[in-house]
Amino acid sequence: MKTKSNLLVLISIFAVGGLQAQTAPATPAAATPAAAAPAASAPVATPAAAALPPLKVAITTNDMMSFSVTKIEAHPGQTITVTLKNNGTLPKTVMGHNWILLKAGANMTAYAATAASAKAENFQPKALADQVLAAIPMLGAKESGEVTFTCPTEPGNYTYLCSCYGHSMAGMKGVLIVK
Ligand SMILES: [Cu+2]
């Protein structure tokens with residue numbers, strides 16, 4: 001691979017050099033090959049996974065304890081940005097919402113149960129932080145939050161929830177499907 005790209009650079013230098021010799025004086029020739037060299041080697045280094053377009057997911061919620069999006073489909077390794085907007089009107093202490101994406105195999109019910117008694121930690125218990133892939137902290141009325149993360153490389157279903165007291169039990173949850 002390296003030999004090939006070196007060869008390409010050499011060829012392009014010769015090509016540019018030849019062209020310069022024919023059409024222009026020597027002065028600009030020195031600058032042109034230097035500028036062309038990184039451009040010639042860049043495509044060789046680009047991995048196939050980076051070709052995936054980033055995924056943007058806009059979720060809204062309100063005082064009714066539900067997410068507007070309950071299913072997200074993504075590809076392994078894809079860059080995902082989730083935004084959450086709380087369109088509710090009730091105070092944060094009464095009806096705040098967050099967005100917590102759990103790792104594969106995490107028990108959502110168990111996470112929610114522990115989170116329910118972690119009000120001092122905004123319902124994001126530090127003791128279970130190792131089960132969380134990505135999170136948007138609790139939002140009050142009219143507040144927005146955002147998180148950008150890399151989609152897991154392992155295909156499967158990943159649960160997300162609002163971990164505020166009782167909200168996931170009321171249906172405030174969804175699934176990220178990686179395939
Ligand atoms: Cu909630």
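Start by selecting strand β3, residues 79-86, together with β6: the two pair in the antiparallel sense, over seven bridges. Within this pairing, show Lys85 and look across to β6, where its bridge partner is Ser144. The model on screen is predicted.

**The three-stranded sheet**

With β1, β3 and β6 shown, the order β1-β3-β6 makes up an open sheet of three strands with mixed pairing. The edges are β1 (55-61) and β6 (144-150), each of which pairs on one side only. Ignoring direction, neighbouring strands here are turned by 15° against each other on average. Strands of a sheet pair through backbone hydrogen bonds, either parallel or antiparallel.

**Strands β2, β7 and β8**

Next, select β8 (173-178) and β2 (71-74). These two strands run parallel and are joined by four bridges. Pick Ile72 and find Leu176 of β8 opposite.

Then bring in β7 (156-161). β7 pairs with β8 in the antiparallel sense, over six bridges. Which residue stands opposite Leu176 in this pairing? Select Tyr158 to see that residue facing Leu176 in β8.

**Thr70**

Step to Thr70, in the loop between β1 and β2. Is Thr70 buried or partly exposed? Thr70 counts as partly exposed, because there are 13 C-beta neighbours inside 10 Å. Draw a distance from the C-alpha of Thr70 to that of Val175: the value is 6.1 Å, although the two residues are 105 apart in sequence.

**The nonpolar core**

Show side chains for Trp99, Ile100, Leu101 and Tyr160. In the largest nonpolar core, which has 26 residues, these four touch the most other members. Colour by element to see where the core comes from: β3, β4 (97-102), α4 (108-116), β5 (132-139), β7 and β8 each give two or more residues. In soluble globular proteins, nonpolar side chains tend to be buried together.

Centre the view on Tyr160. Leaving out residues up to four places away in sequence, Tyr160 touches Trp99, Ile100, Leu101 and Leu102, and also Lys173, Gly174 and Leu176.

**Pro91**

Move to the loop between β3 and α3 (92-95), where Pro91 is found. Pro91 counts as exposed, because its C-beta neighbours inside 10 Å number 10. Which residues does Pro91 touch, not counting those up to four places away in sequence? They are Gly140 and Ala141.

**The whole chain**

Zoom out and show the protein chain as a cartoon. There are four helices and eight strands, and along the sequence they follow the pattern α-α-β-β-β-α-β-α-β-β-β-β. The chain has 179 residues, of which 21% count as buried. Among contacts with a separation of 6 or more, 69% are between residues 24 or more positions apart.

Last, colour by pLDDT. The mean for the protein chain is 82, and 72% of the residues reach 70 or more. Select residues 1-46: the pLDDT is below 50 over this stretch, which has 18 contacts in the model beyond near neighbours in sequence. Where pLDDT is low, the predicted coordinates should not be read in detail.

Note on methods:
Residues numbered from 1 in each chain as written. Predicted model: local features only at pLDDT ≥ 70, side-chain atom pairs only at ≥ 80, totals over all residues. Buried ≥ 20, exposed ≤ 12 C-beta atoms within 10 Å, placed from the backbone. Contact = placed C-beta atoms within 7 Å. Pairing = 2+ DSSP bridges. Axes fitted to C-alpha atoms, helices over the stretch in contact; angles between N-to-C directions. Core = buried A, V, L, I, M, F, W, Y, C linked by C-beta atoms within 7 Å. pLDDT = per-residue confidence, 0-100.
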